[in-house]
Amino acid sequence: MDAERKDETGKTLRRGWTTGTCAAAAAKAACLALTGHGFPDLVEVTLPGGQRPGFSLALEERGEGFARAGIIKDAGDDPDVTHGALVVSTLRAGPAGAGIRFFAGEGVGMVTRPGLPIPPGEPAINPVPRQMIAAAIREVAGEAADIDVEISIPGGAALAEKTLNPRLGIVGGLSVLGTTGIVIPFSCSAWIHSIWRGIDVARAEGLTHVAGSTGMTTEKAVQAHHTLPETALLDMGDFVGGMLKYLRKHPVAKVTVAGGVAKITKLAQGMLDVHSKRGLADLDALAAVAEEAGASAPLASAIRTANTVAQAFALAESEGLDLGNRMAARAWQTAAAALGSEAIALEILIFDRAGKLVGEAPFTPSDHASSLPLGERKRRT
(Lines give C-alpha, C1' and ligand atoms only; values in the text may rest on other atoms or scores of the structure.)
Protein backbone atom coordinates (compact mmCIF):
# COMPACT_ATOMS: atom_id res chain seq x y z
CA MET A 1 0.00 0.00 0.00
CA ASP A 2 1.15 3.56 -0.66
CA ALA A 3 2.14 5.76 2.22
CA GLU A 4 -0.64 7.78 3.78
CA ARG A 5 -1.29 11.15 2.18
CA LYS A 6 -1.67 14.28 4.27
CA ASP A 7 -3.05 17.71 3.49
CA GLU A 8 -1.20 20.97 4.03
CA THR A 9 -2.17 20.97 7.74
CA GLY A 10 -0.77 17.48 8.31
CA LYS A 11 -4.19 15.82 8.52
CA THR A 12 -4.20 12.28 7.13
CA LEU A 13 -6.43 12.14 4.06
CA ARG A 14 -9.08 9.42 4.05
CA ARG A 15 -9.04 6.93 1.18
CA GLY A 16 -12.14 5.84 -0.66
CA TRP A 17 -13.47 3.21 -3.06
CA THR A 18 -13.54 3.20 -6.83
CA THR A 19 -16.70 2.97 -8.89
CA GLY A 20 -15.60 -0.53 -9.87
CA THR A 21 -15.40 -1.65 -6.24
CA CYS A 22 -18.87 -0.27 -5.53
CA ALA A 23 -20.30 -1.98 -8.63
CA ALA A 24 -18.71 -5.29 -7.64
CA ALA A 25 -20.07 -5.13 -4.10
CA ALA A 26 -23.54 -4.20 -5.38
CA ALA A 27 -23.37 -7.06 -7.90
CA LYS A 28 -22.49 -9.58 -5.20
CA ALA A 29 -25.37 -8.39 -3.01
CA ALA A 30 -27.79 -8.59 -5.93
CA CYS A 31 -26.50 -12.07 -6.80
CA LEU A 32 -27.12 -13.24 -3.25
CA ALA A 33 -30.71 -12.03 -3.50
CA LEU A 34 -31.17 -13.47 -7.00
CA THR A 35 -30.03 -16.91 -5.85
CA GLY A 36 -32.37 -16.96 -2.86
CA HIS A 37 -30.01 -15.93 -0.07
CA GLY A 38 -31.55 -12.50 0.50
CA PHE A 39 -29.79 -9.16 0.68
CA PRO A 40 -26.89 -9.09 3.17
CA ASP A 41 -26.52 -6.52 5.92
CA LEU A 42 -22.89 -6.13 4.89
CA VAL A 43 -21.35 -7.29 1.63
CA GLU A 44 -17.62 -7.94 1.22
CA VAL A 45 -15.62 -8.06 -2.01
CA THR A 46 -12.02 -8.92 -2.75
CA LEU A 47 -9.87 -6.15 -4.22
CA PRO A 48 -6.99 -6.81 -6.65
CA GLY A 49 -4.55 -6.37 -3.76
CA GLY A 50 -6.34 -8.96 -1.62
CA GLN A 51 -8.14 -6.57 0.77
CA ARG A 52 -11.77 -7.37 1.60
CA PRO A 53 -13.71 -4.20 2.48
CA GLY A 54 -17.35 -4.37 3.51
CA PHE A 55 -20.22 -2.20 2.29
CA SER A 56 -23.75 -1.49 3.45
CA LEU A 57 -26.52 -1.26 0.87
CA ALA A 58 -28.34 1.95 -0.02
CA LEU A 59 -30.75 0.20 -2.40
CA GLU A 60 -32.36 -3.26 -2.35
CA GLU A 61 -34.95 -4.38 -4.87
CA ARG A 62 -36.17 -7.84 -5.87
CA GLY A 63 -38.58 -8.40 -8.75
CA GLU A 64 -39.67 -10.97 -11.32
CA GLY A 65 -36.44 -12.41 -12.70
CA PHE A 66 -34.10 -9.74 -11.34
CA ALA A 67 -32.40 -8.44 -8.22
CA ARG A 68 -30.96 -4.96 -7.80
CA ALA A 69 -28.61 -3.48 -5.20
CA GLY A 70 -27.00 -0.08 -4.86
CA ILE A 71 -24.09 1.38 -2.92
CA ILE A 72 -23.26 5.05 -2.33
CA LYS A 73 -19.74 5.72 -3.54
CA ASP A 74 -17.41 7.11 -0.90
CA ALA A 75 -14.29 8.57 -2.53
CA GLY A 76 -12.79 9.52 0.83
CA ASP A 77 -11.14 12.94 0.81
CA ASP A 78 -10.52 12.89 -2.94
CA PRO A 79 -12.44 15.53 -4.98
CA ASP A 80 -13.89 12.77 -7.17
CA VAL A 81 -16.77 13.83 -9.40
CA THR A 82 -18.61 10.59 -8.52
CA HIS A 83 -18.29 10.97 -4.74
CA GLY A 84 -21.74 10.40 -3.27
CA ALA A 85 -23.16 8.84 -6.45
CA LEU A 86 -25.37 5.76 -6.23
CA VAL A 87 -23.79 2.81 -8.05
CA VAL A 88 -26.40 0.20 -8.93
CA SER A 89 -26.00 -3.38 -10.15
CA THR A 90 -29.02 -5.20 -11.60
CA LEU A 91 -28.64 -8.94 -12.18
CA ARG A 92 -30.72 -11.33 -14.27
CA ALA A 93 -30.21 -14.93 -15.34
CA GLY A 94 -28.48 -15.03 -18.72
CA PRO A 95 -28.59 -17.53 -21.58
CA ALA A 96 -27.05 -20.92 -20.84
CA GLY A 97 -23.35 -20.95 -21.67
CA ALA A 98 -23.14 -17.16 -22.12
CA GLY A 99 -21.19 -16.58 -18.92
CA ILE A 100 -21.22 -13.14 -17.36
CA ARG A 101 -22.33 -10.39 -19.73
CA PHE A 102 -22.15 -6.64 -19.08
CA PHE A 103 -24.70 -3.96 -19.98
CA ALA A 104 -24.85 -0.19 -19.47
CA GLY A 105 -27.79 1.17 -17.55
CA GLU A 106 -28.70 4.77 -16.81
CA GLY A 107 -25.67 7.03 -16.43
CA VAL A 108 -23.05 4.54 -17.67
CA GLY A 109 -21.49 5.40 -21.00
CA MET A 110 -20.96 3.40 -24.16
CA VAL A 111 -17.62 3.26 -25.95
CA THR A 112 -17.80 4.62 -29.51
CA ARG A 113 -14.13 5.08 -30.46
CA PRO A 114 -11.25 2.63 -30.74
CA GLY A 115 -8.13 2.88 -28.64
CA LEU A 116 -9.66 2.44 -25.19
CA PRO A 117 -9.30 -0.69 -23.03
CA ILE A 118 -12.86 -1.62 -24.00
CA PRO A 119 -13.80 -1.87 -27.71
CA PRO A 120 -16.49 0.24 -29.40
CA GLY A 121 -20.04 -0.95 -28.84
CA GLU A 122 -19.35 -2.09 -25.28
CA PRO A 123 -20.41 -0.42 -22.03
CA ALA A 124 -17.65 1.69 -20.48
CA ILE A 125 -16.89 -0.77 -17.71
CA ASN A 126 -13.11 -1.16 -17.63
CA PRO A 127 -11.29 -4.53 -17.53
CA VAL A 128 -10.36 -4.61 -13.83
CA PRO A 129 -13.88 -3.66 -12.66
CA ARG A 130 -15.25 -6.37 -14.97
CA GLN A 131 -12.90 -8.89 -13.38
CA MET A 132 -13.91 -7.76 -9.89
CA ILE A 133 -17.64 -7.90 -10.71
CA ALA A 134 -17.31 -11.34 -12.30
CA ALA A 135 -15.30 -12.66 -9.35
CA ALA A 136 -17.88 -11.32 -6.88
CA ILE A 137 -20.71 -13.04 -8.78
CA ARG A 138 -18.83 -16.33 -9.11
CA GLU A 139 -18.13 -16.28 -5.39
CA VAL A 140 -21.89 -16.64 -4.94
CA ALA A 141 -23.10 -18.45 -8.07
CA GLY A 142 -20.08 -20.56 -9.00
CA GLU A 143 -17.57 -20.52 -11.83
CA ALA A 144 -20.14 -21.54 -14.47
CA ALA A 145 -22.57 -18.71 -13.65
CA ASP A 146 -24.57 -17.32 -16.57
CA ILE A 147 -25.56 -13.84 -15.39
CA ASP A 148 -26.41 -10.59 -17.16
CA VAL A 149 -25.11 -7.57 -15.22
CA GLU A 150 -26.39 -4.05 -15.79
CA ILE A 151 -24.48 -1.25 -14.07
CA SER A 152 -26.17 2.12 -13.68
CA ILE A 153 -25.29 5.40 -11.98
CA PRO A 154 -28.36 7.67 -11.77
CA GLY A 155 -27.37 11.19 -12.83
CA GLY A 156 -24.19 9.86 -14.40
CA ALA A 157 -24.83 11.46 -17.79
CA ALA A 158 -24.67 14.94 -16.24
CA LEU A 159 -21.61 14.04 -14.16
CA ALA A 160 -19.84 12.71 -17.26
CA GLU A 161 -19.94 16.19 -18.81
CA LYS A 162 -17.40 17.19 -16.13
CA THR A 163 -15.00 14.44 -17.25
CA LEU A 164 -12.99 13.67 -20.39
CA ASN A 165 -15.47 10.97 -21.47
CA PRO A 166 -17.10 12.99 -24.29
CA ARG A 167 -13.67 13.72 -25.81
CA LEU A 168 -12.65 10.06 -25.53
CA GLY A 169 -15.78 8.93 -27.34
CA ILE A 170 -17.61 7.57 -24.30
CA VAL A 171 -21.20 8.75 -24.72
CA GLY A 172 -24.21 8.76 -22.45
CA GLY A 173 -22.54 8.59 -19.08
CA LEU A 174 -19.63 7.74 -16.85
CA SER A 175 -17.00 5.03 -17.01
CA VAL A 176 -16.78 2.35 -14.33
CA LEU A 177 -13.11 2.60 -13.38
CA GLY A 178 -10.49 1.40 -10.95
CA THR A 179 -7.31 -0.67 -11.08
CA THR A 180 -6.70 -1.20 -7.36
CA GLY A 181 -10.24 -0.73 -6.09
CA ILE A 182 -9.05 2.08 -3.84
CA VAL A 183 -9.20 5.85 -4.39
CA ILE A 184 -6.04 7.56 -3.12
CA PRO A 185 -6.80 11.23 -2.33
CA PHE A 186 -5.32 13.71 -4.80
CA SER A 187 -3.46 10.95 -6.61
CA CYS A 188 -1.97 11.99 -9.94
CA SER A 189 -2.41 8.47 -11.33
CA ALA A 190 -6.01 8.96 -12.45
CA TRP A 191 -5.12 12.13 -14.38
CA ILE A 192 -2.07 10.53 -15.99
CA HIS A 193 -4.11 7.48 -17.00
CA SER A 194 -6.65 9.79 -18.66
CA ILE A 195 -3.79 11.38 -20.65
CA TRP A 196 -2.66 7.92 -21.74
CA ARG A 197 -6.17 6.96 -22.84
CA GLY A 198 -6.34 10.17 -24.88
CA ILE A 199 -3.12 9.20 -26.65
CA ASP A 200 -4.50 5.70 -27.28
CA VAL A 201 -7.65 7.13 -28.86
CA ALA A 202 -5.66 9.55 -31.04
CA ARG A 203 -3.41 6.74 -32.28
CA ALA A 204 -6.37 4.44 -32.93
CA GLU A 205 -7.96 7.17 -35.05
CA GLY A 206 -4.76 7.49 -37.06
CA LEU A 207 -3.96 11.03 -35.93
CA THR A 208 -0.39 12.14 -36.63
CA HIS A 209 -0.37 15.22 -34.38
CA VAL A 210 -1.38 15.58 -30.72
CA ALA A 211 -1.11 18.60 -28.45
CA GLY A 212 -0.78 18.55 -24.67
CA SER A 213 -1.89 21.70 -22.89
CA THR A 214 -1.43 22.91 -19.33
CA GLY A 215 -4.85 24.57 -19.13
CA MET A 216 -8.02 25.59 -20.91
CA THR A 217 -6.66 28.85 -22.35
CA THR A 218 -3.66 27.15 -23.91
CA GLU A 219 -5.79 24.26 -25.16
CA LYS A 220 -8.10 26.62 -27.04
CA ALA A 221 -5.13 28.58 -28.35
CA VAL A 222 -3.22 25.54 -29.65
CA GLN A 223 -6.36 24.09 -31.21
CA ALA A 224 -6.90 27.31 -33.13
CA HIS A 225 -3.19 27.63 -33.98
CA HIS A 226 -3.06 24.22 -35.66
CA THR A 227 -6.78 23.66 -36.45
CA LEU A 228 -6.71 20.40 -34.52
CA PRO A 229 -9.65 18.03 -33.97
CA GLU A 230 -10.81 17.55 -30.39
CA THR A 231 -9.36 14.04 -30.19
CA ALA A 232 -5.88 15.47 -30.80
CA LEU A 233 -6.09 17.58 -27.62
CA LEU A 234 -4.61 16.15 -24.43
CA ASP A 235 -5.44 17.68 -21.05
CA MET A 236 -1.85 17.36 -19.88
CA GLY A 237 -2.17 19.70 -16.91
CA ASP A 238 1.05 19.70 -14.90
CA PHE A 239 2.11 16.22 -16.00
CA VAL A 240 4.36 16.99 -18.95
CA GLY A 241 6.62 14.05 -18.16
CA GLY A 242 3.73 11.62 -17.75
CA MET A 243 2.52 12.48 -21.26
CA LEU A 244 5.93 12.51 -22.96
CA LYS A 245 7.15 9.23 -21.47
CA TYR A 246 4.01 7.45 -22.67
CA LEU A 247 4.40 8.99 -26.12
CA ARG A 248 7.98 7.72 -26.27
CA LYS A 249 6.62 4.16 -26.07
CA HIS A 250 3.45 4.91 -28.08
CA PRO A 251 4.65 7.46 -30.65
CA VAL A 252 2.71 10.02 -32.64
CA ALA A 253 4.58 11.75 -35.48
CA LYS A 254 4.13 15.32 -34.18
CA VAL A 255 3.76 16.41 -30.57
CA THR A 256 3.06 19.94 -29.36
CA VAL A 257 3.55 20.97 -25.75
CA ALA A 258 1.58 24.15 -25.11
CA GLY A 259 1.51 26.15 -21.92
CA GLY A 260 1.51 29.50 -20.23
CA VAL A 261 4.66 31.44 -19.46
CA ALA A 262 5.07 30.15 -15.89
CA LYS A 263 4.57 26.46 -16.67
CA ILE A 264 6.83 26.49 -19.73
CA THR A 265 9.49 28.44 -17.83
CA LYS A 266 9.56 25.66 -15.23
CA LEU A 267 9.79 23.10 -18.04
CA ALA A 268 12.67 25.13 -19.47
CA GLN A 269 14.36 24.91 -16.07
CA GLY A 270 14.20 21.12 -16.09
CA MET A 271 10.89 20.32 -14.36
CA LEU A 272 8.74 17.68 -16.05
CA ASP A 273 6.07 18.02 -13.35
CA VAL A 274 5.22 21.72 -13.39
CA HIS A 275 2.81 21.83 -10.45
CA SER A 276 3.51 24.66 -8.03
CA LYS A 277 4.02 22.13 -5.22
CA ARG A 278 6.96 20.65 -7.13
CA GLY A 279 8.81 23.95 -7.13
CA LEU A 280 8.63 27.52 -8.36
CA ALA A 281 10.20 29.04 -11.44
CA ASP A 282 13.67 30.41 -10.80
CA LEU A 283 13.53 34.15 -11.52
CA ASP A 284 17.29 34.51 -11.11
CA ALA A 285 17.79 31.96 -13.89
CA LEU A 286 15.16 33.72 -15.99
CA ALA A 287 17.02 37.02 -15.51
CA ALA A 288 20.23 35.33 -16.63
CA VAL A 289 18.54 34.24 -19.86
CA ALA A 290 17.31 37.78 -20.34
CA GLU A 291 20.87 39.08 -19.90
CA GLU A 292 22.11 36.63 -22.55
CA ALA A 293 19.47 38.12 -24.86
CA GLY A 294 20.80 41.62 -24.22
CA ALA A 295 18.71 42.83 -21.30
CA SER A 296 19.92 45.93 -19.55
CA ALA A 297 21.07 45.68 -15.94
CA PRO A 298 17.91 47.46 -14.66
CA LEU A 299 15.68 45.06 -16.65
CA ALA A 300 17.54 42.01 -15.37
CA SER A 301 17.21 43.31 -11.83
CA ALA A 302 13.47 43.92 -12.30
CA ILE A 303 12.99 40.37 -13.60
CA ARG A 304 14.79 38.94 -10.56
CA THR A 305 12.43 40.76 -8.21
CA ALA A 306 9.23 40.31 -10.25
CA ASN A 307 6.17 39.03 -8.42
CA THR A 308 5.39 36.47 -11.11
CA VAL A 309 6.84 34.97 -14.26
CA ALA A 310 4.06 36.69 -16.21
CA GLN A 311 5.23 40.05 -14.86
CA ALA A 312 8.81 39.18 -15.81
CA PHE A 313 7.74 38.42 -19.38
CA ALA A 314 5.77 41.67 -19.52
CA LEU A 315 8.81 43.63 -18.37
CA ALA A 316 10.92 41.99 -21.08
CA GLU A 317 8.30 42.71 -23.72
CA SER A 318 8.08 46.36 -22.68
CA GLU A 319 11.76 46.73 -23.62
CA GLY A 320 11.40 44.79 -26.87
CA LEU A 321 13.28 41.76 -25.54
CA ASP A 322 12.15 38.41 -26.98
CA LEU A 323 12.21 36.14 -23.94
CA GLY A 324 9.51 33.75 -25.17
CA ASN A 325 11.44 32.05 -27.98
CA ARG A 326 14.49 31.59 -25.79
CA MET A 327 12.48 29.91 -23.01
CA ALA A 328 10.61 27.81 -25.57
CA ALA A 329 13.96 26.56 -26.92
CA ARG A 330 15.10 25.59 -23.43
CA ALA A 331 11.77 23.91 -22.70
CA TRP A 332 12.20 21.99 -25.95
CA GLN A 333 15.51 20.61 -24.67
CA THR A 334 13.90 19.32 -21.46
CA ALA A 335 10.93 17.79 -23.26
CA ALA A 336 13.05 16.30 -26.04
CA ALA A 337 15.18 14.50 -23.46
CA ALA A 338 12.03 12.72 -22.24
CA LEU A 339 11.01 11.76 -25.79
CA GLY A 340 14.36 11.14 -27.51
CA SER A 341 12.87 9.62 -30.65
CA GLU A 342 13.68 10.30 -34.29
CA ALA A 343 10.09 9.24 -35.04
CA ILE A 344 8.62 12.12 -33.02
CA ALA A 345 8.91 15.79 -33.97
CA LEU A 346 8.46 18.06 -30.95
CA GLU A 347 7.17 21.62 -30.79
CA ILE A 348 6.84 24.00 -27.84
CA LEU A 349 4.32 26.86 -27.85
CA ILE A 350 4.00 29.51 -25.13
CA PHE A 351 0.80 31.52 -24.83
CA ASP A 352 -0.02 34.42 -22.56
CA ARG A 353 -3.19 34.62 -20.47
CA ALA A 354 -5.11 36.05 -23.42
CA GLY A 355 -4.12 33.16 -25.67
CA LYS A 356 -1.56 35.15 -27.66
CA LEU A 357 1.49 33.24 -28.90
CA VAL A 358 4.57 34.67 -27.16
CA GLY A 359 7.16 31.95 -27.70
CA GLU A 360 7.82 29.02 -30.01
CA ALA A 361 10.32 26.25 -30.61
CA PRO A 362 9.35 24.72 -33.98
CA PHE A 363 8.92 21.05 -34.83
CA THR A 364 12.26 19.24 -34.68
CA PRO A 365 12.94 15.48 -34.29
CA SER A 366 13.19 14.93 -30.57
CA ASP A 367 16.40 12.92 -30.77
CA HIS A 368 18.15 16.08 -32.03
CA ALA A 369 18.28 17.75 -28.65
CA SER A 370 21.71 19.25 -29.13
CA SER A 371 20.81 20.66 -32.57
CA LEU A 372 18.26 23.20 -31.39
CA PRO A 373 20.04 26.40 -30.33
CA LEU A 374 19.06 28.08 -27.11
CA GLY A 375 18.94 31.50 -28.68
CA GLU A 376 16.09 33.17 -30.46
CA ARG A 377 14.14 31.23 -33.09
CA LYS A 378 12.17 32.91 -35.83
CA ARG A 379 8.51 32.74 -34.91
CA ARG A 380 5.99 31.62 -37.51
CA THR A 381 3.60 34.29 -38.70
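Which residue in S6 is the bridge partner of Ile72? In S6 that partner is Leu86, and the points below place this pair in its sheet.

1. The model is a predicted one, in which local features need pLDDT of at least 70 and side-chain atom pairs count only at pLDDT 80 or more, while totals for chains, interfaces and linings use all residues. Residues are numbered from 1 along each chain as its sequence is written, and side-chain values use heavy atoms, with hydrogens and water left out.

2. The protein chain contains twelve helices and 16 strands, taken as DSSP runs numbered from the N terminus (helices H or I, at least four residues; strands E, at least two). Of its 381 residues, 50% are buried, meaning under 20% relative accessible area with a 1.4 Å probe, protein chains only, where exposed is over 50% and partly exposed lies in between.

3. An open sheet with mixed pairing is built from five strands in the order S4-S5-S6-S9-S7, two strands being paired if DSSP finds at least two bridges between them. Strand S4 (59–63) and strand S7 (100–104) are at the edges with a single partner strand each, so one side of each is left without a neighbour in the sheet. On average, neighbouring strands of this sheet are turned by 15° against each other, direction ignored.

4. Within the sheet, S5 and S6 pair in the antiparallel sense over seven bridges, and S6 pairs with S9 in the antiparallel sense over six bridges. S7 and strand S9 (residues 147–152), in contrast, run parallel and are joined by five bridges. Ile151 in S9 stands opposite Ala104, and Ser89 also stands opposite Ile151.

5. Helix H1 (residues 19–34) packs on the sheet and touches S4, strand S5 (66–72), strand S6 (86–93) and S9, its direction making about 40° with that of S6; contact here means heavy atoms within 4.5 Å. Helix H2 (residues 127–141) also packs on the sheet, where H2 touches S6, S7 and S9 and its direction makes about 125° with that of S7. Axes are lines fitted to C-alpha atoms, for helices over the stretch in contact, and angles run from 0 to 180 degrees between N-to-C directions.

6. Elsewhere in the list of helices, H8 (residues 261–268) and H11 (residues 309–318) pack at an angle of about 95° with their axes 8 Å apart, which makes H8 roughly perpendicular to H11 (65 to 115 degrees; under 35 is roughly parallel, over 145 roughly antiparallel and the rest oblique). Val261, Ala262 and Thr265 of H8 meet Val309, Ala310 and Phe313 of H11 in this contact.
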